[in-house]
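These are my notebook entries on one structure. I set down what I looked up, topic by topic.

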Amino acid sequence: MESNIAVTNEKKPTWGGGGVKPFGASYGKMMMWFFIVSDALTFSAFLAAYGLTRFKFIDSWPIADEVFTHVPFVHGEFPMIYVAFMTFVLIASSVTMVLAVDAGHQMNKNKVTVYMLLTIIGGIIFVGSQAWEWNTFINGSYGAVKTTDGKILQFTKQSGVDKDGNAIFKQIALADFVVGDRGNARVQHTKGNGLWFEDEGTISQYSIAQIISSYEGNPDIQIRTELIDLDKKQKTILSREKGAEELAKTRLIVEGANLEVNEYGNTIFADFFFFITGFHGFHVFSGIIFNIIVFFNVIVGTYEKRGHYEMVEKVGLYWHFVDLVWVFVFTFFYLV
Amino acid sequence: MAHAQSHTKRIWNVFWILSAITIVEVILGIYKPDVLHLTSFLGTSPLNWLFIILTLAKAYGITWSFMHMEGEKTWFRRAVVWTAVFLIIYLVTLLLIEGDYLYSTLAPLVRW
């Protein structure tokens with residue numbers, strides 16, 4: 001028996017089979033790295049699935065610049081700015097994390113405490129920003145209609161001409177051009193004004209007939225389809241006649257996005273957005289929890305007594321990994 | 001380890017490099033110069049290739065410096081990096097080829 005049982009060396013910390021440290025890494029650190037490998041494969045599988053779906057619908061995929069355009073407290077359209085801020089916050093919190101690890105190597109408890117706190121604050125700002133981003137995406141900004149053959153039609157108005165004399169169209173909201181009365185006296189059903197056990201999802205304040213008549217009554221409005229003009233990399237604008245033809249097939253008014261409909265285009269785009277950024281956000285959230293636990297351990301002096309701050313290093317690895325994943329999510333959701 | 005030297009300066013350098021790359025990406029993402037955006041190179045636009053390369057550069061900075069991969073033993077580093085990189089390239093290549101096939105098969109059936 002003795003030959004196949006590792007003998008514990010009392011003097012050294014136990015690493016599975018005694019004082020031996022394969023690769024010169026401690027057990028915890030090595031297992032964190034191997035966990036990160038498996039987690040990286042999970043994330044890359046999600047992103048690869050996103051890539052497959054995007055290639056499958058390459059001629060109609062939503063254009064990120066037209067989807068994520070808002071900045072809190074400011075009106076107008078500023079694509080990229082807010083996610084750039086989020087990326088910056090996450091990189092900054094990565095830096096404070098690595099500074100905490102560095103201070104840990106010098107057994108500087110006060111510095112570790114401060115840097116851990118800054119890291120936690122950065123993480124909270126990031127998760128808060130993501131919540132805001134989700135909220136904006138779910139509420140939507142313009143509204144669109146969905147046709148019987150499953151296509152999303154958006155409404156645009158000419159806003160100027162480019163240097164070659166081609167018209168530039170800008171998307172407008174339903175509220176900007178729909179006029180008149182909805183015509184069918186339909187009201188939102190609530191438990192208070194009808195059958196108490198019946199509930200219904202939110203209905204639009206406009207009716208389909210109202211949108212169609214507003215379109216017909218306003219010659220400035222032109223319809224944009226999901227189809228991408230691959231030469232210009234822009235969505236196709238339909239002529240007034242063709243637009244009316246498509247609009248006649250309207251089945252549903254879509255305002256905002258959820259797992260079933262998406263005013264920005266393909267529903268599966270919204271599904272992937274929620275799934276991937278949600279999974280990443282959950283990682284950030286759990287990272288914050290780990291950081292808070294370690295933060296309090298630092299304060300009460302657990303690692304001071306232990307003689308090293310390796311735990312800070314291990315949660316640090318996890319935290320940097322979260323940053324690493326975000327770098328890829330940022331590229332493939334917002335840039336490419 | 002108790003009295004290891006501080007790497008603060010180097011950490012901040014990496015931070016500034018990563019921030020600069022992000023800023024370049026954002027500027028390119030906002031302005032999308034036609035010459036990079038509307039041309040094609042190896043299957044996608046040069047702009048997309050630029051984004052991917054800059055992303056990989058950032059990933060390298062985070063892994064090597066922040067996660068301190070450069071300080072690990074050679075074969076530990078390879079056990080982690082080679083495994084992940086090989087499997088990810090493999091999966092992404094297959095799925096993108098498959099996605100392209102789905103497009104070429106299904107797109108002709110969609111009437112716009």
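I looked up A:Lys233 and found 14 C-beta neighbours inside 10 Å, so A:Lys233 counts as partly exposed. For burial, C-beta atoms are placed from the backbone, and a residue is buried with 20 or more other C-beta atoms within 10 Å of its own, exposed with 12 or fewer, and partly exposed in between. The model is predicted: local features need pLDDT of at least 70 and side-chain atom pairs pLDDT 80 or more, while totals for chains, interfaces and linings use all residues. Residues are numbered from 1 along each chain as its sequence is written, and chains are lettered from A and ligands numbered from 1 in the order in which they are written.

I noted that A:Lys233 sits in the loop between β4 (221–229) and β5 (234–237) of chain A. Its phi is positive, about 55 degrees, although it is not a glycine. Most residues other than glycine have a negative phi. I found a positive phi of about 55 degrees at A:Met107 too, which is not a glycine either. A:Met107 belongs to the loop between α3 (81–105) and α4 (109–139) of chain A, and with 17 other C-beta atoms within 10 Å it is partly exposed.

Next I turned to chain A as a whole. I counted 10 helices and 6 strands; these are DSSP runs numbered from the N terminus, helices being H or I of at least four residues and strands E of at least two. The radius of gyration of chain A is 27 Å, well over the 20 Å of the globule rule for 336 residues, so the chain is more spread out than a compact globule. That radius is taken over C-alpha atoms, and the rule is 2.2 Å times the number of residues to the power 0.38. Of the 336 residues, 36% count as buried.

I then looked at the largest nonpolar core, where a core is a set of buried Ala, Val, Leu, Ile, Met, Phe, Trp, Tyr and Cys residues joined through C-beta atoms within 7 Å. Of its 72 residues, A:Val83, A:Ala100, A:Val112 and A:Met116 touch the most other members. Helix α10 (residues 310–335) of chain A gives the largest share, 16 residues.

Last, I examined the contact between the chains, which takes 46 residues from chain A and 49 residues from chain B. Two residues are in contact if their C-beta atoms, placed from the backbone, lie within 7 Å. On the side of chain B that touches chain A, α4(B) gives the most, with 17 residues.
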